[in-house]
Amino acid sequence: MKKLLLTLLVAAPMAFSVAHAKEQIKVGFANRTLNGAFFNGLTEYMKIHAKEHGYQLVTTDARGDMNKQISDVEDMIAQGINYLVLNPQDPEAGLRITEIAKRAGIPVIDLDSDISLKAPVVTRVMANNAVDNKMIGEYAVSQFGDKPMRCVVISGNQGNLVGKARRDGFFTGVIEAQLRKYNHTEFKILSQGWGNWDQQGGLKAMEDQIVAQGNKINCVYSEMDDMALGAIRALKAANKLQGVKVYSHDGYKKGLEAIINGDLQATASNNPDLLTKKVLNIIQQYQQGKHDFPDYEYITPTLITKDNVKKYYNPKSIF
């Protein structure tokens, strides 16, 4: 009996200590918006993986407003967060927020949307947008051959570093593949529209481009699957999808369904499950004493086309 009591007395403080340590780790996630399946996916998977680690999680939605995101972070700091995960509304806001967090002694991990190299962050976790979209561009050339590509680009919002990396990667993939295969380029950007990172925005941007460019369009590149789905809706309504190939990025399950149906030609994985899992693992490593991380931590580049889409499609996936 005495031995059992002694064991309980020794074990109880240890159990309390572990539980207390876990309670002390509070992670704040400042999301730029919840308007769109991808951004919702980030928040929902963040909840899942924070729970797996035993961390408390506070989440916010900036609703696309830079000033609100700054206020969100200030409120979370006041609540006593130990780490900040930031999906910045734009590079300017992101830099300001990381400096606010630094003054409060809070480590910051940048998630998905890129941020200045001057920003004091532990690391930036994202898809390798340059590599992913270069592969998409090369795949587009494999479909078009030496036929001229007359493309409309649907971008998210002006000044966004991820959007720029994606479209630049696509352009590079197309041009380099054409030069390598045919010793000349047949690639023209007819126009750029802005879809604000959601399906309705992609629909409106594509409708405007159809009016402006008419039958000249045979290619659409979208920086995000949700916007691409809106563009596909607009092309179908105008009876023009049959003559247009659409390419995008993110690996959204609705986008994968569009590949299966033949409406979308290719996308690449920007899986919020893998992204948030990597973020929480980095926080765990930081807790354990590792503070030396590269500027960027990427998930594995993955091109998804009709040839491998069923390998990645999961109808029960959150995203």
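1. Contact here means heavy atoms within 4.5 Å. On that basis, among contacts in the protein chain between residues at least 6 apart in sequence, 74% join residues at least 24 apart. The structure is a predicted model, and the points below should be read with that in mind.

2. Overall composition. The protein chain contains eleven helices and twelve strands. Its C-alpha atoms fill a box of roughly 85 × 40 × 35 Å, taken along the principal axes. Of its 319 residues, 51% count as buried.

3. Helix 2 and helix 10: geometry. Helix 2 spans residues 37-53 and helix 10 spans residues 272-287. The two pack at an angle of about 40°, and their axes lie 8 Å apart. Angles under 35 degrees count as roughly parallel, and those from 65 to 115 as roughly perpendicular; helix 2 and helix 10 are therefore oblique to each other. Helix 2 passes helix 10 in a right-handed crossing.

4. Helix 2 and helix 10: contacting residues. On the helix 2 side, the contact involves Phe38, Gly41, Leu42, Tyr45, Met46, His49, Ala50 and His53. Their counterparts in helix 10 are Pro272, Asp273, Leu275, Thr276, Lys277, Val279, Leu280, Asn281 and Gln284. By class, this contact of helix 2 with helix 10 has nine nonpolar, six polar and two charged residues.

5. Helix 3 and helix 4. The axes of helix 3 (residues 66-78) and helix 4 (residues 91-103) come within 10 Å and cross at roughly 15°. Because angles under 35 degrees count as roughly parallel, helix 3 and helix 4 are classed as roughly parallel to each other. Helix 3 passes helix 4 in a right-handed crossing. Met66, Gln69, Ile70, Val73, Glu74 and Ile77 of helix 3 make the contact with Glu92, Ala93, Arg96, Ile97, Ile100 and Ala101 of helix 4. By class, the contact of helix 3 with helix 4 has eight nonpolar, one polar and three charged residues.

6. Salt bridges: a pair within helix 2. A search of the whole structure finds eleven salt bridges. One of them joins Lys47 to Glu44, with the closest N and O atoms 3.3 Å apart. Lys47 and Glu44 are three residues apart in helix 2, which means that about one helical turn separates them. Lys47 counts as partly exposed at 39% relative accessibility, and Glu44 is partly exposed with a relative accessible area of 33%.

7. Arg180 forms a salt bridge with Glu138, and the closest N and O atoms are 3.9 Å apart. Arg180 lies in helix 6 (residues 161-182) and Glu138 in helix 5 (residues 129-144), so this pair ties together parts that are 42 residues apart in sequence. Arg180 is exposed, with a relative accessible area of 54%, whereas Glu138 is partly exposed, with a relative accessible area of 24%.

8. The side chains of Glu297 and Lys278 meet in a salt bridge at 3.8 Å, N to O. Glu297 belongs to strand 11 (residues 296-299) and Lys278 to helix 10, so the pair ties together parts that are 19 residues apart in sequence. Glu297 is buried, with a relative accessible area of 17%, while Lys278 counts as partly exposed at 24% relative accessibility. Elsewhere, salt bridges that share partners join Lys134, Glu138, Glu176 and Arg180 into one network.

9. Surroundings of Ile189. Ile189 lies in strand 7, which covers residues 187-194. Ile189 is partly exposed, with a relative accessible area of 35%. Not counting residues up to four places away in sequence, Ile189 touches Cys151, Val153 and Phe171. Ile189 and Met149 are 40 residues apart in sequence and 8.3 Å apart in space, C-alpha to C-alpha.

Technical notes: Residues are numbered from 1 along each chain as its sequence is written. This is a predicted model: local features need pLDDT of at least 70, side-chain atom pairs count only at pLDDT 80 or more; totals for chains, interfaces and linings use all residues. Side-chain values use heavy atoms; hydrogens and water are left out. Axes are lines fitted to C-alpha atoms, for helices over the stretch in contact, and angles run from 0 to 180 degrees between N-to-C directions. Helices (H or I, at least four residues) and strands (E, at least two) are DSSP runs, numbered from the N terminus. Angles under 35 degrees count as roughly parallel, over 145 as roughly antiparallel, 65 to 115 as roughly perpendicular and the rest as oblique. A crossing is left-handed if the near helix is turned anticlockwise from the far one by less than a right angle, and right-handed if clockwise. Ala, Val, Leu, Ile, Met, Phe, Trp, Tyr, Cys and Pro count as nonpolar, Asp, Glu, Lys and Arg as charged, and the others, Gly among them, as polar. A salt bridge is a side-chain nitrogen of Lys or Arg within 4 Å of a carboxyl oxygen of Asp or Glu. Buried means under 20% relative accessible area, exposed over 50%, partly exposed in between (1.4 Å probe, protein chains only).
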